[in-house]
Amino acid sequence: MSNKKQDKGTSRRDFLKSSFLMGAATVTGAGLLSSFKGAEEGSGEMVKVMTANGDLVEVDANKLKAVKVDSIDLDLNELQKRGREGIAGKKWVMVIDLAKCRNARKCMEACQHAHHLKPEQHHINVLQMQEAENTAPFYMPKPCMHCDNTPCTKVCPVDATFKRQDGIVLIDNERCIGCRFCVAACPYSARVFNWSETLDEKNGFEETYDIELNVPQKKGTISKCLFSADRLRKDELPYCVSSCPNGTYWFGDMNEDAVTNGTTGETVRFSELIDKNDAYTLMPELGTKSNVYYLPAKDRIFPFSEEDKENLNRRNEHSH
Amino acid sequence: MSELQSKEEARKSFDKMAKDIVRPMQNHFGLNAWVFTLFLILSLFGYAWFLQLRDGLGVTGLHDYTSWGMYIANFVFFVAAALVGMLITAVLGLSGVKWITPISRIAEIIAVSFAMIAGLVIVFDMGRPDRVLNIFFHGRLQSPIVWDITVVTIYTIISMLLLLLPLIPDMNIIKKRLPKASNMQLKMYNILSLGWMGTPEQYKIIHKSIRVLSILIIPVALAIHTVTSWLFASTLRHGWDSTIFGPYFVSGAFVSGVAAVIIAMYVFRTSYKLQDYLTDFHFDKIAKLLVLVSLVYFYFNINEFLVPAYKMKSGDDHHILALFVGEWAVLFWFAQIFGNFVPIVLLLFKKMRKPGPMMIIATLAILGAWAKRFIIVVPTQLNPHLPIQNVPDSFHVYTPTGPEIAITIGTIGMALTIITILAKIFPVIPIWEVAEEKGIDREIINE
């Protein structure tokens, strides 16, 4: 009886180990190998592992650590280093189809959840827009534009906010001094500040800081939209993009000229999409060279709610 | 015989003068009440800052749509008023204007104390003041903040030198005339007098050094306020995105600085009983200076507000209307009328160019100047390019909180504390320069 149990247990462990090995071998062979140093004595059982360079190597099975690929514990320095470098060869781009947005706000929810934000803090904010008195109102999701001519990173006195090689503008809350010059400089109001104790500090959330997720959030520092850099590293779409129920978001790599719809999973040519639909960027006259494109709110598939219309009118009257 | 007599008279007159100027340094009537007031202000500040350090900037009324508020307005105000040191000592001094002689030290004391506090105010505004050294470890040259810190530091140092150098001959004069001075104090005077004996060689060196520093401080002073204006002008926001912000700020700085000097002159004249040295003549002259700088400021105000108001470009229109007739109108017109218009009009009348009325006008001008900095900093942020939505209603307005006001008043208290200390350990009027102007022999001055 007890033997049987043990057998079962052993076999499960073996199964788990081998599945970890497969994952490890395909994705992070090199990283695993480097963590071998100082491991226990060899068992004699050899396993084939593929390194990042594509070389097949044999190592002792006991020297493999069973780790889940997702959560390899990188220390702060490694996370900071890869976060500041970015992903080579990529140039991320987002396309937002305003005809599809019906103000479901799933993107806002997913984003706030992922980045541990308070209800009033938005990395992405769905705005109700009306350009002129008689023009049609529409909903407009507004993330960070990840500008190529960045007003925010220019003014940062300590290089706490910076633009990486793949075009993403990040914030390093390990270095930010909280001067809020970037908030003043951003014409899109894309940045939020942690004015008081953050949710992470309140809940005692103490993971290693990941610059690509900007979590844990820290009091006295800035937070902003990161194009979900942590998800991109795992070849996944940003939180907001994949949570949209209405097909509003396209996201992809400008170098590949391909963007994928977060709802349908359909992949199309970026250049064709923006060409055919007459895409534009927000306030191009400011010269920020945005990397977020909008498809006009033409042939909208939803009505602008009457309630929102009233609100919009009231606001317009108030501001005139 | 007559030569001897006149020499004796000169000696007497110099003695009286030195006595008059030195006496208030050891006469502490009313000082206790004043120090107690400062102590209260600083204690309140300490408590408020403790709260802010513990709970974060959330204890202020700041939020994501007004992320710069009172503190930054206060910073701009301090930098502005500090510029008066350069205006009086350098611009007027180098032009050979004589009436500034008894005022120059007061101007330098204001410059030093205000510039020092300006630097501190920035630290109180930081979300992470514990990381202030990151500016040195990770400083980036393309950030206007780094330029600002650099030039404010240089300005403070040069202003200190411009305060200390003309003190050298005075140190020699006062150390014999302060019977109640402690040994420590006398030692300090001895060190600061740098072995001054009044030789022609020493006179040559001191005049030359003051001259060189006076020339140096002009570009630095222009730089500190121009760079401060660029903290705003380098952004793309309505109301800040202006090409004349540099000269506009500098011209406004002279108004608040001259007003600050007038207030200090009045306070020292009455409390230190210096009526014979800070005379009606000097008040009349500096009143005319205030009219002049206010006129220049008026010119820049017209450019800054009427040109956009003529065009009513979208975005700018909301900003202009909010200032002229909207929610900011009261503060805006208070700042424009008392901080600019009133000094020009009233001080044209000879009756108004007397110490009493000038004290009132200058106080209103200072309040107007502070309000103006607030008007420059805050309304622009509440009128962003994109609408303010999906945030609490309180994000549509900015209401400073108690701790925020306490910290702001605290910084003013700090500046006044520094002025008080400087005015107690140093004579507020340069004795040797005033004596020299009266034609008293150098030999007598350096006896």
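This is a predicted model: local features need pLDDT of at least 70, side-chain atom pairs count only at pLDDT 80 or more; totals for chains, interfaces and linings use all residues.
Local features require pLDDT of at least 70 and side-chain atom pairs count only at pLDDT 80 or more, whereas totals for chains, interfaces and linings use all residues. Residues are numbered from 1 along each chain as its sequence is written, chains are lettered from A in the order in which they are written, and side-chain values use heavy atoms, with hydrogens and water left out.

**View 1. The second largest pocket, with about 1,200 Å³ of space.** W34(B), I263(B), V267(B), L416(B) and T420(B) are the closest to the centre among the 39 lining residues. A pocket is an open set of points on a 1 Å grid over the protein atoms alone, where a 1.4 Å probe fits, with protein on both sides within 12 Å along at least five of seven lines; lining residues have an atom within 4 Å of a point. Volume is the space filled by probe spheres set on the points, which are joined across faces, edges and corners.

**View 2. Helices around the second largest pocket.** In chain B, at least two lining residues each come from α1 (2-26), α2 (31-55), α3 (70-82), α5 (104-125), α11 (245-271), α15 (355-381) and α16 (402-425). The most are given by α16(B), with 10 residues. Helices are DSSP runs (H or I, at least four residues) numbered from the N terminus. The lining comprises 27 nonpolar, 9 polar and 3 charged residues; Ala, Val, Leu, Ile, Met, Phe, Trp, Tyr, Cys and Pro count as nonpolar, Asp, Glu, Lys and Arg as charged, and the others, including Gly, as polar.

**View 3. The largest cavity, with a volume of about 110 Å³.** Of its 13 lining residues, S189(A), R191(A), V192(A), D64(B) and Y65(B) are the closest to the centre. The lining contains 5 nonpolar, 3 polar and 5 charged residues. In a cavity the probe fits but cannot get out, and the structure holds 8 cavities of 30 Å³ or more.

**View 4. The second largest cavity, of about 90 Å³.** C111(A), C225(A), F227(A), S228(A) and C240(A) lie nearest its centre, among 13 lining residues. The lining has 10 nonpolar and 3 polar residues, and no charged ones.

**View 5. C147(A) and C182(A), two buried cysteines.** For C147(A), the nearest cysteine sulfur belongs to C144(A), 6.2 Å away. The sulfur of C182(A) is 6.4 Å from that of C179(A), its closest cysteine sulfur, and therefore too far for a bond. Relative accessible area is 7% for C147(A) and 8% for C182(A), where buried means under 20% (1.4 Å probe, protein chains only).

Terms used. A disulfide is a pair of cysteine sulfur atoms within 2.5 Å. Buried means under 20% relative accessible area, exposed over 50%, partly exposed in between (1.4 Å probe, protein chains only).
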